[in-house]
Amino acid sequence: MASGTSRGRLRVLGIDPGLTRCGVGVVDVAPDRSATLVHVGVVRSDPGAPIEERLALIAAGLRAVLDAHSPDVVAVERVFAQHNRATVMGTAQASGIALLVAGERGIAAATHTPSEVKAAITGYGNADKRQVQTMVARVLRLEELPKPADAADALALALCHAWRGAPSTTAASGPLTPAQRAWADAERVARR
């Protein structure tokens with residue numbers, strides 16, 4: 001597990017970025033990997049509003065969650081590719097906002113691919129949304145599946161990060177996956 005705080009647990013804010021619905025989930029994870037739900041929700045913006053207003057709404061909503069719950073770290077879903085260019089652009093923009101607001105507060109941030117999250121939560125990198133929701137509910141001892149899917153994905157991101165740590169920390173989480181290695185290589189090349 002990633003390093004914790006003096007509170008004896010790690011508080012992680014998971015963010016499933018999106019322009020219309022940006023899922024947010026906050027969990028407390030103990031050193032024994034047990035987890036407790038702190039907050040779950042969705043930051044929404046009107047699809048008909050101008051892009052700058054939508055991004056400002058997402059930023060304000062994320063800042064409110066940061067203020068209310070004081071996470072130790074932020075975990076954001078990293079999107080590798082999608083066929084719908086408009087969707088991937090909106091997701092990338094919302095992801096950038098999430099990383100920005102974490103940086104503004106000096107909070108560490110990490111990104112995880114959907115397959116990393118699915119593998120960490122269900123043991124299977126190609127799990128479907130229902131399988132992820134079911135395991136999140138089981139881990140957090142919830143009576144119902146977390147909804148909407150964006151909120152469940154945010155909780156899964158938070159749990160994944162707490163259990164696996166940031167992709168660059170191999171000591172606590174084991175060797176990098178092929179996807180993590182490819183991403184780390186791409187980041188190294190981009191910094192040159």
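This is a predicted model: local features need pLDDT of at least 70, side-chain atom pairs count only at pLDDT 80 or more; totals for chains, interfaces and linings use all residues.

Reader: What makes β1 and β4 a pair of strands?

Author: Two strands count as paired if there are at least two bridges between them. β1 and β4 have four bridges and run in the parallel sense, so they count as a pair. Another of the bridge partners in β4 is Ala75, which stands across from Gly14.

Reader: How do you know that β4 also pairs with β5?

Author: The same cut-off of at least two bridges applies. Five bridges join β4 to β5, which covers residues 108-112, and the two run parallel. With five bridges against a cut-off of two, β4 and β5 are therefore paired. Here Val74 sits opposite Ala109 of β5.

Reader: Why are β3 and β5 called edge strands?

Author: The open sheet has five strands in the order β3-β2-β1-β4-β5, and its pairing is mixed. β3 (35-44) and β5 each have a single partner strand, so one side of each has no neighbour in the sheet. On average, neighbouring strands are turned by 20° against each other, direction ignored.

Reader: What makes β4 largely enclosed?

Author: Five of the five residues of β4 are buried, so the rest of the structure largely encloses this strand. Both faces are covered: Val73, Ala75 and Glu77 are buried on one side, and Val74 and Val76 are buried on the other. In a regular strand, side chains alternate between the two faces of the sheet. Helix α2 (residues 85-105) lies across β1, β4 and β5, and runs at about 170° to β4.

Reader: Why is Asp16 called buried?

Author: Buried means under 20% relative accessible area. Asp16 has 6%, so it counts as buried. Asp16 belongs to strand β1. Leaving aside residues up to four places away in sequence, Asp16 touches Arg21, Cys22, Gly23, Glu77, Asp150, Asp153, Ala154 and Leu157. Asp16 and Ala156 are 140 residues apart in sequence, and their C-alpha atoms are 9.3 Å apart in space.

Reader: How do you know that Cys22 is buried, and how many disulfides does the structure hold?

Author: The relative accessibility of Cys22 is 0%, which is under 20%, so Cys22 is buried. Cys160 is buried as well, with a relative accessible area of 0%. As for disulfides, the structure holds zero. A disulfide would need a pair of cysteine sulfur atoms within 2.5 Å.

Reader: Which residues touch the most other members of the largest nonpolar core?

Author: They are Val12, Val27, Val136 and Leu159, in a core of 23 residues. The elements giving two or more residues to this core are β1 (10-16), β2 (21-29), β4 (73-77), α3 (114-122), α4 (129-139) and α5 (149-164). The largest share, eight residues, is from α5. Val27 is in contact with Leu10, Arg11, Val12, Thr36, Val38, Leu140, Leu155, Ala158 and Leu159, not counting residues up to four places away in sequence. There is also a second, separate core of 20 residues, with Val26, Ile58, Ala98 and Ala102 among them.

How values were computed
Residues are numbered from 1 along each chain as its sequence is written. Side-chain values use heavy atoms; hydrogens and water are left out. A nonpolar core is a set of buried Ala, Val, Leu, Ile, Met, Phe, Trp, Tyr and Cys residues joined through side-chain atoms within 4.5 Å. Buried means under 20% relative accessible area, exposed over 50%, partly exposed in between (1.4 Å probe, protein chains only). Contact means heavy atoms within 4.5 Å. Axes are lines fitted to C-alpha atoms, for helices over the stretch in contact, and angles run from 0 to 180 degrees between N-to-C directions.
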